[in-house]
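Reader: I am new to reading protein models. Could you take me through one, feature by feature?

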Amino acid sequence: MAEFTLDCLGEACPVPLMRTEKKMAELSVGDVLVVSIDHSCAMKNVPEWARKQGHNVEIEEIDDGEWEVVIEKTK
């Protein structure tokens with residue numbers, strides 16, 4: 001199990017989602033991807049997409065308007 005980070009700060013939809021999808025495809029089951037987001041649209045889309053794919057998702061608010069979406073690849 002490895003942990004990877006993806007900095008999407010300052011990027012608007014759909015860029016964070018596209019980058020997250022691409023990075024998740026490269027990971028192995030059990031790996032964790034931490035996506036840094038500061039755009040409210042991406043804050044909704046990225047976790048929603050990951051859950052639909054069956055991955056485990058946790059969201060942490062780091063600062064006002066800045067979040068880390070932690071995605072564990074499950075399949």
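Predicted model: local features only at pLDDT ≥ 70, side-chain atom pairs only at ≥ 80, totals over all residues.

Reader: Where does Val57 sit, and is Val57 buried or exposed?

Author: Val57 belongs to strand β3. Its relative accessibility is 15%, and buried means under 20%, so Val57 counts as buried. Val57 and Thr5 are 52 residues apart along the chain, and 14 Å separates their C-alpha atoms.

Reader: Which residues of α1 are buried, and where do they fall around the helix?

Author: Here is the general idea: an α-helix has 3.6 residues a turn, so residues three or four places apart point the same way. In α1, the buried residues are Pro16, Leu17, Thr20 and Met24. Looking down the axis of α1, you find them within an arc of 95°, so they line one face of the helix. Met18, Lys22, Ala25 and Glu26 are exposed on the other side of α1.

Reader: What covers the buried residues of α1?

Author: The cover includes β1, β2, α2 and β4.

Reader: What does Thr20 touch, and which backbone oxygen does its side chain reach?

Author: Leaving out residues up to four places away in sequence, Thr20 touches Leu6, Leu33, Val35, Val46, Trp49 and Ile71. Its side chain also reaches the backbone oxygen of Pro16, at 2.7 Å.

Reader: Now the other helix. Which residues of α2 are buried?

Author: They are Ala42, Met43, Val46, Pro47, Trp49 and Ala50. Seen down the axis of α2, these buried residues fall within an arc of 160°, so they too line one face of their helix. On the other side of α2 you find the exposed residues Ser40, Lys44 and Lys52.

Reader: What do the buried residues of α2 pack against?

Author: They pack against α1, β2, β3 and β4. Before you leave this helix, look just after α2, where Gly54 takes a positive phi of about 95°.

Reader: How many salt bridges are there?

Author: To find one, look for a side-chain nitrogen of Lys or Arg within 4 Å of a carboxyl oxygen of Asp or Glu. The count comes to three salt bridges. One of them joins Glu11 and Arg19, with the closest N and O atoms 3.0 Å apart. Glu11 is partly exposed at 23% relative accessible area, and Arg19 is partly exposed at 31%.

Reader: How many residues apart in α1 are Glu26 and Lys23?

Author: Glu26 and Lys23 are three residues apart in helix α1, which means that about one helical turn separates them. Their side chains meet in a salt bridge at 3.6 Å, N to O. Glu26 counts as exposed, at 52% relative accessibility, whereas Lys23 is partly exposed, with a relative accessible area of 23%.

Reader: Where do Glu48 and Lys44 lie, and how many residues apart are they?

Author: Both lie in helix α2, four residues apart, so about one helical turn separates this pair as well. The side chains of Glu48 and Lys44 meet in a salt bridge at 3.4 Å, N to O. Lys44 is exposed at 52% relative accessibility, while Glu48 is partly exposed at 34%.

Reader: Last one: which residues does UniProt list for "domain: UPF0033"?

Author: In an unreviewed entry, UniProt lists residues 6-30 for "domain: UPF0033". In the model, that span is 48% helix and 8% strand, and its end C-alpha atoms lie 17 Å apart.

Notes. Residues numbered from 1 in each chain as written. Heavy atoms only, no water. UniProt positions renumbered as here; feature names shortened; annotations may be inferred. Helix = DSSP H or I, 4+ residues; strand = E, 2+ residues; numbered from the N terminus. Buried < 20%, exposed > 50% of the residue type's maximum accessible area, 1.4 Å probe, protein only. Arc of directions from axis to C-beta. Contact = heavy atoms within 4.5 Å. Polar contact = N/O pair within 3.5 Å; in protein donor to acceptor, adjacent residues only side chain to side chain.
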